[in-house]
Each structure stands twice: as structure tokens, then as C-alpha cells.
Amino acid sequence: MAKHSAEVVIEGLKKILIKEKEGMDEEVQGKVEMFIAEFQGSMAASGHQHDPDAQTLERGFDFFKNKIFDKNPEFFEALAKKQQPRFLVIGCSDSRVNPPTILNFNLGEAFMSRNIGNMVPQFDQLRHAEIGSVIEYAVKHLEVTNILVMGHSHCGGIERLMELPDPTLTHDFLDEWVKIGLPAKNKVLEQCNHLGTEEQKRLVEKESVKNSMANLLTYPFVRNAVVNGTITLRGGYYNFDNGTFQQWKLCTKPMP
Ligand SMILES: [Zn+2]
């Protein structure tokens, strides 16, 4: 099966080479040829002495293996049998906001989906199968008891949302994706148009978390779990300017 997949990749690359050879930059062409050779196994897979990025990966895993994995055999034995995370965390892809680092989650504690701007779109089987399947798996199979949408300061996704519409620069995916947060942007611009741009962005970052929490309720299995009280929807905001974390939750109990 794996061999079959590799063959498909090689065939695809060869087709690109044949089709694009005329207009292709020599350097790019060389890289594609080298990639094909590596895939075919004609180049040595070992020896990372000239590849600092591969060394970073190797050293990183060595650290984890020696200091964590080998020192906790019982923990990893139990984890190998089953995962039972209490949290589904929807966080941003931003490299500075890794939820397990910031919230000190251990392995097995948080199922995770990370995307640009930590956004949850409204339920749509045709357009959003990727995030939909993460939420569905977490709720139906792992039976998480919390869903946390975690926003953060200086979010590039929110920054792009604020720039739209932008006729000078378009993206294949990004602009359409961040538009999920439009209701949050519109609300802040309507209510806080007296504020400066940076202040507005910080507010939209928070309001967008609330928008995603509301969108989570459009997933029937999430809505049912929230109504039944088996899942709590939580919002969080990590500000790395001042090192603070705020959190709030959706209250479903009727007010007295
Ligand atoms: Zn972000």
C-alpha cells in the first residue's frame, strides 16, 4: 500500500517535470529530480550532517525519547492502549501559541485542531470536512467534556480579516477562511469605531472566539451535548504581550 502511494507520487512528479520542463527554473527542476530520486530510494536516506533542519528533528526526538518516553514506561503503555482527553482545543497555527505549552497539557489530555485564527466555521459538510471531522471524532468517539476555542494577541489571521477587502493582494485559501470571523469584525467596528486599529484588533481577536463558540452550536452533535450538559464550551485568550490568559464559558443553565 505504501509502495503504491510512493509510486503515485513519483508518477505525479514525473508528469510535472515533462509538462513544465520548458518554463521551469533549472534549480526547481533539479530539486524535483532529486526528490524523485529520494523517493525511489536511489539516494541514501541516512546522514543528516548537511541538513540542520533534519538534525533539529532528530535531536528533538532524541530529547523526548530519552528524557520523557523512556522514563515513563507505565504512562506510555497506558496511553498506547487508549486516549481519553477531556478537552478538544481549537487553537491557532501560530508557532507562539502552542496550547500544550501554554496550558501545560500532558500528552493524552487535549485533542487538538489548529488553524489560521483558531476559527470554527458554521456546520457545512461540503466545505469544512476537515475541522468538522475533528469535532465529530472528539465528541462522538472520544467523548470530550470540554471544547476550548483559544484565541491570542497579534493573530495574523485576524490581522488579515481586518485588511479585507484587499484588492492589492489575494490568497487561494486564506481570505476565504478568515471571513468566518466577519461577524466578529463587523460587531467591533460597529460598536467601537472610536478606538484605534490595534485596540480594535485585540477586541476582534476575542470576539472571534465567541463567534466560533456560537458556530460550534450549529453542529448538531455539539448542540445536543451542550444541551444535555455533557460538554462545556469554553473560550480562552492568551495575550503574549503581558503573559496573561483569560477564560470564559458558555452558560447553558437557565438564569434564576
Ligand atoms: Zn493566530
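Me: Which residues does Cys-155 touch, not counting those up to four places away in sequence?
Reply: Happy to start there. Two residues are in contact if their C-beta atoms, placed from the backbone, lie within 7 Å. This is a predicted model, in which local features need pLDDT of at least 70, side-chain atom pairs count only at pLDDT 80 or more, and totals for chains, interfaces and linings use all residues. Residues are numbered from 1 along each chain as its sequence is written. Leaving out residues up to four places away, Cys-155 touches Cys-92, Asp-94, Gly-117 and Glu-205.

Me: Is Cys-155 buried or exposed?
Reply: A residue is buried if 20 or more other C-beta atoms lie within 10 Å of its own, exposed if 12 or fewer, and partly exposed in between, with C-beta atoms placed from the backbone. Cys-155 sits in the loop between strand 3 and helix 7 (156–163); helices (H or I, at least four residues) and strands (E, at least two) are DSSP runs, numbered from the N terminus. Because Cys-155 has 25 C-beta neighbours inside 10 Å, it counts as buried.

Me: Which residues does UniProt list for "binding site"?
Reply: UniProt positions are given in the numbering used here, feature names are shortened, and annotations may be inferred rather than shown by experiment. The entry is unreviewed, and for "binding site" it lists Cys-92, Asp-94, His-152 and Cys-155.

Me: Where is His-152 placed?
Reply: His-152 is buried, with 25 other C-beta atoms within 10 Å. Not counting residues up to four places away, its contacts include Cys-92, Asp-94, Glu-205 and Tyr-237. As for its place, His-152 belongs to residues 146–152, which form strand 3.

Me: In which sense do strand 3 and strand 4 pair?
Reply: Two strands pair if DSSP finds at least two bridges between them. Strand 3 and strand 4 (residues 232–239) have seven bridges, and Ile-147 stands opposite Leu-233 in strand 4. The sense of this pairing is parallel.

Me: Which residue takes a positive phi in the hairpin of strand 4 and strand 5?
Reply: Strand 4 pairs with strand 5 (residues 244–249) in the antiparallel sense over six bridges, and Gln-247 in strand 5 is the bridge partner of Gly-236. The hairpin has four residues between the strands. The one with a positive phi, near 65°, is Gly-243.

Me: Why are the buried residues of helix 6 on the same side?
Reply: In helix 6 (residues 129–141), Ile-135, Ala-138 and Val-139 are buried. What covers them includes strand 1 (87–92), strand 2 (110–115) and helix 11 (220–228). The face turned away carries exposed residues, among them Glu-130 and Lys-140.

Me: What do the buried residues of helix 11 pack against?
Reply: Val-222, Ala-225 and Val-226 are buried in helix 11. Down the axis they fall within an arc of 100°, so they line one face of the helix. They pack against helix 6, helix 10 (197–216) and strand 4.

Note on methods. The arc is that of the directions from the helix axis to the C-beta atoms.
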